[in-house]
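Subject: Structure handover

Hello,

Here is the structure I said I would pass on. Please look through it first, then read my notes below.

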Amino acid sequence: MANRVSVHSKLLKSISYSTVPLTHSPPQPNLPRPLLSPIISSLNLHDTQKLFSSLPTTHLLRASANLHAASLEPFVDFGIWLLNSKLMDLYLLRAPIFAALKHTFYHHFCAGEDTVAAGHTVRSLHSAGLSAMLTYAVEYATDNESCDRNSDAFLHKVESAKSLPSSSVSSVVVKITAICPKKLLERVSDLLRWQHKDPSFNLPWKLDTLPIFSDSSPTYHTLKKPEPLTPEEEHDLQLGHQRLQKICQKCVEANIPLTVDAEHTLVQPAIDYFTYSSAILYNKDDNPIIYGTIQCYLKDAKERLLLASKAADKACVPMGFKLETHACYNDCASIMLDKISNGPGALVLATHNVESGRLAVAKAHDLGMGKIHQKLQFAQLYGMADVLSFSLKNAGYHVSKYMPFGPVEMVIPYLLRRAEENRGVLSASTLDRQLMRKELKRRLRATVF
């Protein structure tokens with residue numbers, strides 16, 4: 001392993017175990033019956049009156065219509081083409097398109113255009129018994145000026161979160177590509193990959209960190225020895241670290257966890273480097289603040305998880321991870337549940353996969369982790385998998401929604417990415433749509449009769 005772990009245990013007092021998968025688990029159009037185990041029979045996904053008791057009829061109507069539209073792949077393909085086309089340069093077309101988008105998909109998947117609007121959405125969600133993972137949906141900055149502007153927005157987001165009801169915000173989320181130029185992150189990732197292949201390769205700017213690669217990690221992104229960072233690039237890298245440290249410090253002061261999102265594999269090594277080096281500095285006194293992400297659909301995910309976890313254990317460090325779901329998710333979740341059940345740390349299992357949720361609940365029960373256990377939390381994307389979210393909440397578990405906010409034009413890249421990444425999940429969201437329609441029919445009958 002090329003990465004250094006020469007960090008002091010006092011600086012590594014607490015980086016809690018955390019798993020937070022937030023995207024594409026294998027689609028499940030129909031809920032299997034019977035339930036896997038009597039242990040989890042309280043996870044009721046069919047009592048629609050109880051599931052949707054906190055949602056008004058207007059919300060269910062809009063949600064059902066939006067999910068139905070999002071499940072139509074030709075419609076989604078046309079929308080993606082339109083938003084990427086030069087037609088969007090024409091104001092006479094752009095304005096009505098944005099207006100339509102704002103009142104449909106944007107309203108369904110986003111919390112609002114600014115911190116005030118997002119705050120109202122968070123309060124509404126909190127009144128329904130759910131928490132928010134709040135994220136300013138900006139990414140891919142190209143220069144220091146835009147990075148500074150984005151950093152200020154993230155700081156303002158943390159400050160605003162302090163004014164919201166206690167426990168309504170389970171964490172705030174940051175994207176490293178928003179506070180450090182993407183091209184620089186690509187350069188840093190190349191250099192880190194090359195050092196993994198050649199441990200003698202010196203990186204004079206490198207801070208103490210945890211293992212980022214495993215022996216099975218792909219190296220096809222870096223085929224030849226990269227040039228060292230220029231003095232200007234080293235200066236910009238330092239500025240990126242300083243921006244993240246300011247956000248970390250603000251989160252420490254507010255006692256609100258900070259989740260660092262995973263991004264494209266091209267820049268992920270640099271993102272992990274930023275995350276681990278900052279966690280070493282700010283996670284102290286058994287109070288985890290910084291949470292990283294491992295994308296479990298990558299072939300080296302489990303090995304990297306184990307290596308980083310073992311390295312952290314060796315240094316007496318409870319380590320924190322956010323896992324994004326796919327085939328190996330259940331294995332990784334089980335590993336982390338075992339770890340936190342007998343030690344310090346916290347675990348957030350964010351998945352849209354009903355089966356994964358049920359398996360995690362059964363595993364937690366077997367380990368003696370109660371429903372109101374402070375170490376265990378679930379999470380799903382805002383606007384998706386509401387049936388799973390509310391069934392877990394009604395069963396007594398802590399559940400959060402990943403909630404992006406920001407101006408419509410700025411959030412379009414996020415919406416496009418979600419449309420591409422989750423088209424399988426959305427097209428197979430029959431469970432949510434079927435149960436919403438069932439509840440709407442029940443309410444209609446109750447009103448008429």
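R358 has a relative accessible area of 0%, and since anything under 20% counts as buried, R358 is buried. Please keep in mind that this is a predicted model. The side chain of R358 meets that of E355 in a salt bridge, with 3.5 Å from N to O. Both residues belong to helix 12 (residues 354-366), where they sit 3 residues apart, about one turn of the helix.

Side chains of opposite charge can pair when their charged atoms come close. By the rule used here, the structure has 17 salt bridges. Another of them joins D190 and R193, whose closest N and O atoms are 3.1 Å apart. This pair lies within helix 7 (residues 182-197), and again the spacing is 3 residues, about one turn of the helix. Is R193 buried or exposed? R193 has a relative accessible area of 2%, so it counts as buried.

The salt bridge between K250 and E159 has its closest N and O atoms 3.2 Å apart. K250 is in helix 8 (residues 231-254) and E159 is in helix 6 (residues 144-162), so this pair ties together parts that are 91 residues apart in sequence. K250 is partly exposed, because its relative accessibility is 22%. E159 is partly exposed as well, at 35% relative accessibility. Salt bridges with shared partners also link E159, K162 and K250 into one network.

Next, the cysteines. A disulfide is a covalent bond between the sulfur atoms of two cysteines. How many disulfides does the structure hold? The count is 0. C251, for instance, is in no disulfide. The nearest cysteine sulfur to C251 belongs to C248 and is 6.7 Å away, whereas a disulfide needs the two sulfur atoms within 2.5 Å. C251 is buried, with a relative accessibility of 0%. C110 is also buried, at 4% relative accessibility.

On to the nonpolar cores. The largest one has 101 residues. Among the residues with the most contacts inside this core are I176, V188, W205 and L258, along with L349, L376 and F378. Which helix gives the most to this core? That is helix 9 (residues 268-282), which contributes 7 residues. There is also a second, separate core of 30 residues, and L83, L101, M133 and V411 are included in it.

Helix 4 gives the most, with 5 residues. Sorted by class, the lining of this pocket has 11 nonpolar, 11 polar and 5 charged residues.

When you open the model, one place to begin is helix 12, with the salt bridge between R358 and E355.

Regards

Note on methods: Residues are numbered from 1 along each chain as its sequence is written. This is a predicted model: local features need pLDDT of at least 70, side-chain atom pairs count only at pLDDT 80 or more; totals for chains, interfaces and linings use all residues. Side-chain values use heavy atoms; hydrogens and water are left out. A nonpolar core is a set of buried Ala, Val, Leu, Ile, Met, Phe, Trp, Tyr and Cys residues joined through side-chain atoms within 4.5 Å. Buried means under 20% relative accessible area, exposed over 50%, partly exposed in between (1.4 Å probe, protein chains only). Helices (H or I, at least four residues) and strands (E, at least two) are DSSP runs, numbered from the N terminus. A salt bridge is a side-chain nitrogen of Lys or Arg within 4 Å of a carboxyl oxygen of Asp or Glu. Ala, Val, Leu, Ile, Met, Phe, Trp, Tyr, Cys and Pro count as nonpolar, Asp, Glu, Lys and Arg as charged, and the others, Gly among them, as polar.
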